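Please look through the structure shown below before reading on.

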Amino acid sequence: MTSTQDGPGGSPARATPAQMAQIKQRAAILSVMATLLLTGAKIIGAILSGSLALLADALQGLIDVGSTLFTWFAVRVSDKPADDEHHYGHGKVEALAALVETAILFTLAGAILWEAGNRLWTGLIETVQVTPVVIGILLLSMVVDAIRWRSLTQVAKETRSEALAAEATHFAADFVGSTLVLLGLLGVWYGIARADTVAAFAIAAFTALSAYRLGRRTIDTLLDAAPKGVSERLREAAEAVPGVVGVNWLKVRPTGGRVLGEIGINVSRTLPLERVATIREVLASALQRIEPGAEIAVTTDPVQVDDETALERVLLIALKLKIPVHHVSVHTIGQRLSVSLDMEVEAQLPLGHAHEIATRLEAAIRDEFGGETEVETHIEPMETGAPEGHDAAWDTVEDIGKALATEAAKLAGPIHDIHSVRVRQTRNGLVVNYHCRVDPALDVASVHAAVDQIERAVRIARPQLCRLVSHAEPMIASANR
C-alpha cells in the first residue's frame, strides 16, 4: 500500500492511474514470491507427515503459483490504454483472470473431494505423523496467508482490481484450508484416525464455496452487470445539477477497476449551446465526485419544458431557422394567439426572396401554436457591416442632454440624473447613448415605460435622431462612483 498526499481541504488525494498500476503490479509480484515460498514449505511438511489434508493444501499451493503468475500478467495487461482494436481498453482481462481463478478453485475442490472420498470409502488409513516442524509450517502458512488476504483485499478495494480481488479470495481459502489442516492434525494427535480425511472434506467444501462466490461476481462483471448502488447514486447526482430537466437513461458497467457508462439527460430546448455545454461540464464533475475515475459519456436531449413561455418558443423557432428577429410581441386575442415581430434580412436581398423567408418563419410559428395563430412579420434590412460614424458637435450633445434632463423633470417620475450623454453622427442619423439613475426597487417594466415617454418627447422636435439607448443604474450606485 502507498500513502497519498492530502488534497485541497485536507481530504486524501486519489492515486493517479499510473500509481494505481504500480500498486497493483507490486502486490501481484509479491503474491507470486510468497506463494512459491509457502508451497515449497507445505510440500516438505506433507512428505514428512503423510497428511492428506496438508498434501491437498500443498497441491493447492502449486496451483496458486500458476494462478498468481496469471494474475500478475492480467494486472499488467489490464492497465494498457485503449487502442484501435480495444476501444474500451483492456480492463476485462482482469475479469478473465478471475474466471480462470474460479475454474482453478472448482478443479482443486473436486480433486481434494475425490481423494478424500476414495480414502474414506475404501477404508484406507494413512499414518499421519504430527511433528513440530509440520505444525510450524502450518502456522507460518496461516500467518502469511492472513497477511496476503488482508493486504490484497485492501489493494483490490483501492484500485478496484477484479484480478486482485479474486486472488484475495483464493488466499482466504488458503488460510481457512491451513486452519482446517491444523485442526485435522490435532484430531489425529488426540487419536481420531479419520480427522485428517474429514479436514480434507472441509477444505474441499470451503474451496468450492469460495469458487462459487468468486464465479458469481466475475460472471456479473463479464455480463456487464451494473455495480450495486452506483446507478442510483449517479442518477441522484445528475438530477440535482441545475439545468438538468430529467434523466432519460443511464447505463454503467465495470471494467478493469473503473466504471464506464453513458447518461442521457433532458435540457430546455431554449438554452444556448454555451449553457448546454456548461451543464455537461458541471454534470461530469458531479459524477466524478460520486464515482471517481468513472468515464461516463453525456448525451443531451433538448425538450420543451412546462414553464416555457410563448415568447421563448417564438425565439427558438427563429433561432432554428437562422432568421434574426427582434421586437417580438405575443398577445392573446380571444381564443387565438397573435404574434408580431421584426425580421432582418440582407439589405440587398430581393423582396420576393425576403417574403419567402418570412412565409417560412410564419408557417413554422403556426405549426408550433396552431393553424389559427395570427402571425405578422415586418421585414427590415440588416446591417452586415460596421458603417463609420463620428462624434457629433458639442452643441448638439449639449442640446440633446438638456432636452433629456428637461423631459425627465417634466415627467416628475422615477428617472433622475441624466449623465454620460454621447452623440454619434452616422449615415442613418444621430445615435444617442446616455445613463440615468432610478430607484433600485422599481420594476424593469416601469423603468422602461418612463424612459420611452422621455425619448418620445425628445424625438418629436429632433427628427434627425435615429436611435436612443439608455442605461438605467440604481441610485445607490451613485455613492460608489
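What share of the contacts in the protein with a separation of 6 or more is accounted for by residues 24 or more positions apart? In this predicted model, such residues account for 68% of those contacts. The protein has 12 helices and 10 strands, and buried residues make up 42% of its 481 residues.

- Three of the strands belong to an open sheet in which the order is 4-5-6 and the pairing is mixed.
- Strand 4 (325-333) and strand 6 (374-382) are the edge strands of this sheet, since each of them pairs on one side only, and the twist from one strand to the next averages 15°.
- Strand 4 and strand 5 (residues 336-346) run antiparallel and are joined by 7 bridges; within this part of the sheet, His331 stands opposite Ser338 in strand 5.
- Helix 9 packs on this sheet, where it touches strand 4 and strand 5, and its direction makes about 135° with the direction of strand 4.

**Helix 9 and helix 10**

- Helix 9 (residues 310-320) packs with helix 10 (residues 351-369) at an angle of about 140°, and their axes are 10 Å apart.
- Because of that angle, helix 9 is oblique to helix 10, and the crossing of the two helices is right-handed.
- On the side of helix 9, the residues that meet helix 10 are Ala310, Arg313, Val314, Ile317 and Ala318, while helix 10 brings Leu361, Ala364, Ile365, Glu368 and Phe369 to the contact.
- Sorted by type, the residues of this contact between helix 9 and helix 10 comprise 8 nonpolar, no polar and 2 charged.

- Another open sheet is formed by 4 strands in the order 7-8-9-10, and here the pairing is mixed.
- The edge strands of this sheet are strand 7 and strand 10 (465-474), each of which pairs on one side only.
- Helix 11 packs on this sheet and touches strand 8, strand 9 and strand 10, with its direction making about 140° with that of strand 8.
- Helix 12 lies across strand 9 and strand 10, and it runs at about 145° to strand 10.
- Strand 7 (residues 390-391) pairs with strand 8 (residues 416-426) in the antiparallel sense over 2 bridges, and His390 has Gln425 of strand 8 as its bridge partner.
- Strand 8 also pairs with strand 9 (residues 429-438) in the antiparallel sense, this time over 7 bridges, and these two strands form a hairpin with 2 residues between them.

**Helix 11 and helix 12**

- Helix 11 (residues 394-411) and helix 12 (residues 444-460) pack with their axes 9 Å apart and at an angle of about 125°.
- The two helices, helix 11 and helix 12, are therefore oblique to each other, and helix 11 passes helix 12 in a right-handed crossing.
- Helix 11 contributes Ala403, Leu404, Glu407, Ala408 and Leu411 to the contact, and helix 12 contributes Ala450, Gln453, Ile454, Ala457 and Val458.
- When the residues of this contact of helix 11 with helix 12 are divided by type, 8 are nonpolar, 1 is polar and 1 is charged.

**Two residues with positive phi**

- Which residue has a positive phi of about 50° although it is not a glycine? That residue is Ala412, which is found in the loop between helix 11 and strand 8.
- Ala412 counts as exposed because its relative accessible area is 67%, and the cut-off for exposed is over 50%.
- Asp417, another residue other than glycine, has a positive phi near 55°, and Asp417 lies in strand 8.
- Asp417 has 40% relative accessibility and therefore counts as partly exposed.

Technical notes:
Residues are numbered from 1 along each chain as its sequence is written. This is a predicted model: local features need pLDDT of at least 70, side-chain atom pairs count only at pLDDT 80 or more; totals for chains, interfaces and linings use all residues. Side-chain values use heavy atoms; hydrogens and water are left out. Axes are lines fitted to C-alpha atoms, for helices over the stretch in contact, and angles run from 0 to 180 degrees between N-to-C directions. Angles under 35 degrees count as roughly parallel, over 145 as roughly antiparallel, 65 to 115 as roughly perpendicular and the rest as oblique. A crossing is left-handed if the near helix is turned anticlockwise from the far one by less than a right angle, and right-handed if clockwise. Contact means heavy atoms within 4.5 Å. Ala, Val, Leu, Ile, Met, Phe, Trp, Tyr, Cys and Pro count as nonpolar, Asp, Glu, Lys and Arg as charged, and the others, Gly among them, as polar. Two strands pair if DSSP finds at least two bridges between them. Buried means under 20% relative accessible area, exposed over 50%, partly exposed in between (1.4 Å probe, protein chains only).
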